[in-house]
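Have a look at the model first.

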Amino acid sequence: MIEVSNLTKSFRVSTREAGFKNAVRALIKRKYEYIQALSGISFRIADGEMVGYIGPNGAGKSTTIKIMCGILTPDSGECEICGRIPWKERTRHVRDIGVVFGQRSQLWWDVPVIDSFELLRDIYKVEHSAYRKTLDELTQLLNLNRLLKTPTRNLSLGQRMRCEIAASLIHSPKVLFLDEPTIGLDAVSKIAVREFIKERNRNSGTTVILTTHDMQDIEALTERILLIGRGRILLDGNMRELKQRFSRHKKIAVAYAGSLSSDMLSNCDGITVREEKMGRALIVLDSNLLTVSEVIEMLSKTVDIKDISVEGVTAEEMVVELYKAYRI
Amino acid sequence: MKLYGKFFLINLQSQMQYKVSFFLTIAGQFLASISTFLSLLFIFSRFPEIKGFTLNQVLLCFAVVQMAFSFAECFARGFDRFPSMISNGEFDRVMVRPRSAIFQIMAYKMEFARLGRFFQSLCMLIYAMIACGVFWSLSKLAVLFLMIICGSIIITGLFLVYAGLTFFTVEGLEFMNILTDGGREFGRYPFSVYGKEVLKFLTYVVPLALYQYYPLMYLLGKSDKILYGFLPPIGTLFILPCFAFWRFGLHRYKSTGS
Amino acid sequence: MKVYLSVFKIRFSAVIQYRAAALAGIATQFAWGFLEIFAFRTIYSGNESGFPMPFSQLSSYIWLQQAFLALFMTWFYDRDILDAISSGNISYELSRPLDLYGRWFFQTAANRVARALLRCAPILVVAFFLPGPFRLSLPENGVQALGFLVSLALGLGVVVAFGMLIYTLTFYTLSSTGLWAVFAMLADFMSGSVIPLPFFPSGIRKIAELLPFASMQNLPLRIYVGNIAGSDMLIGLVLQCFWLLSLVIFGRLIMRRALTKVTVHGG
């Protein structure tokens, strides 16, 4: 159980202006600015939930994660994870959590992966039998068999990420923080990583908090998203509901024979024709005003439809819409 | 302790991956203080003694300082790299592990190439021990041993302060060099050579003289105060305020995350 | 020339951003200078005879050394240049329409001058007002002052040209920073930074004074304090020019060879 209420945090940064003269001036007097990174964040995450934590760069994502990991102390507010306050009982708290920073490695660069794992086992004081069991499980699920004896520096990015995730789970944490776990990975590795996370969440009941810019990750993994912007939680909602809310607009791509009277379509409320040439058209409709079948009916009256596809908004577009709606 | 051993092995294993570089660096480290050594030879070729110390006595002093430093640098090397650990986020990784941060920093990076300096100081120490004309009774050997071990603990304290300062600024650290690198370079002479004020500073503020000057006076028979032989362990108390300072810095880091 | 001026401006702005670093550096150099002087005071007090230079000259020497440390320290290298070499970004550098040797030479020099400018003034001023024998005194006459300035510039050139050789060495041995440091340190010693050259035993001193290292800090500082004057000064300056030219020519030559190697082997 994770409970966060009214977290605030501000940082002081020195500002520098460009130019030679300003550089000299800054030598004498330096200006500082306060940046409010978090201004009252509250949410609650139940055990075994999988949550996507999204927001643009600089919105306060990593500050929140750092507080939840016990690295930072907030200015005010409360946070309790598995009954502990992270920054007050750091060493006890971090036994319960696993962290994957997608851009940094926690494995020793020059030694075989298995050696890093064994060191982690000792750092976390994991029982040998429990370690064996976890390792077997992870090896099988992540397909690490051939990788364990290889030094980290010889692994591809995708292989390394699989090992990184395994490394974060050696002590069987209750909560797993994933920061951009699929960044830079190829399609196959991405899917493998996602599958594994899903599996882990389902079977071991690990709570997963995922921060990412890759909306496909979010779409594939999480039911619930938390949207943060300008230091506040702007939205805490179910992925499906959100999609419905933002899927007013549907795209219809149609290939046809005959001539499409675009005037007729454009005059109709709720329809816009985005593209139209050489027997292909892309039509966007507002589902509050028209249904898809009405549009198809209209189309089939004027032209001979050869192929047609209907798409809702993608998660990516939805996020752009969200950012626009909240002006962040 | 067992975990430290594990870290030790994994460090050794990684550094052995680059054998040529490793041995070249050891060789480099072996020669590292050659210029200080030469300067001593040159100065003493002109003057037979300085403030009553002969060349061989000064070499004994220099060897003890070098050796204490080489131990401290080898095992507490992580503190030296601490500024980059903070800036590249490695320290955040340390913070999400259930072990004390100091332990992890010390264990994370040991630099065995520093042993080059150790071997060099060992050669010098053995030569100086034979040549300086001290009769090495058991108690004097014990004092010598204490000087080296306690010396490296005191120096580790300085490294701790250095790392602690990193929490406040990454720019102003150069000043610490006067105590760390300076403590090594100027440690070639018994600290009394630099005058009363400097000696007082190094006795009461930063107690480098407690492992160097005073016990040396006892070893060389220039003073018969047995107390001087016990000063090195007393000097190690210096690590307590250093530790407190580190804790203070860490606390601040947690609240600013700078 | 305009290109070089703007390179210098950029370097200078970059260096002076680190205000705390400069303050810390000045304080460190002060402490360092005092300790050196204190040690020599003790050495001098115990032995009245046999000094190669008077104590007051030595004090001036040490303060100048601290004030212009950034110009002459041989172990100082430009991180950007080393990274460019070891990461293989060098091919990118080669695609620019600038002579690489000239650019790096000037970049390193600008870096040193910027640091020295920022740090020398406070040290010089304070050292000038110190009591009695510890103080930095003015040069005895105009000729010495002029000789010092000329020699200072030439000395900087020699240090930078020597540094260029070390950069080029990095092309061949990417990782042996240990040996590399020993090189720089021996050069430092032979240039009189640990103890001034007059303190060397006379045989070694005669050889050392002919080496390029003596053209680094040794010559300008000793001209300033009046330890070298008259025809010795002129000979010194000619020798300095000779070493500067030789090092630059040699440096260009081996850099060209190293670059050919890079292009042939594809980095």
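Q: Which residue of chain A forms a salt bridge with B:Asp92?
A: In this predicted model, a salt bridge is a side-chain nitrogen of Lys or Arg within 4 Å of a carboxyl oxygen of Asp or Glu. The rule finds 2 salt bridges across the interface of chain A and chain B. In the one that B:Asp92 forms, the closest N and O atoms are 3.4 Å apart, and the partner is A:Lys66.

Q: How much area is buried between chain A and chain B?
A: Contact (heavy atoms within 4.5 Å) joins 34 residues of chain A with 28 residues of chain B. Buried area is the accessible area (Shrake-Rupley method, 1.4 Å probe) that two parts lose on being put together, summed over both. Carbon and sulfur atoms give 53% of the total, which is about 2,900 Å².

Q: Which side chains meet in a salt bridge between chain B and chain C?
A: Chain B brings 35 residues to this contact and chain C brings 41 residues. About 3,100 Å² is buried between them, 74% of it on carbon and sulfur atoms. The count here is 1 salt bridge. With 3.3 Å from N to O, the pair is B:Glu174 and C:Arg119.

Q: How many residues apart in sequence are the parts that A:Arg194 and A:Asp217 tie together?
A: The closest N and O atoms of A:Arg194 and A:Asp217 are 2.7 Å apart, in a salt bridge. A:Arg194 lies in helix α7 (residues 187-204) of chain A and A:Asp217 in helix α8 (residues 215-221), so the pair ties together parts whose separation in sequence is 23 residues. Helices here are DSSP runs (H or I, at least four residues), as are strands (E, at least two), numbered from the N terminus.

Q: Which helix gives the largest share of the nonpolar patch?
A: Patch residues have over 30% relative accessible area and no salt bridge, with nonpolar side chains (Val, Leu, Ile, Met, Phe, Trp, Tyr) joined within 5 Å and like charges within 9 Å. This patch of about 530 Å² includes B:Phe30, B:Leu31 and B:Phe119. Both α2 (19-31) and α9 (115-131) of chain B supply at least two residues. The largest share, 4 residues, comes from α9(B).

Q: What are the numbering and confidence rules?
A: Residues are numbered from 1 along each chain as written, with chains lettered from A and ligands numbered from 1 in written order. Side-chain values use heavy atoms, without hydrogens or water, while totals for chains, interfaces and linings use all residues, local features need pLDDT of at least 70, and side-chain atom pairs count only at pLDDT 80 or more.
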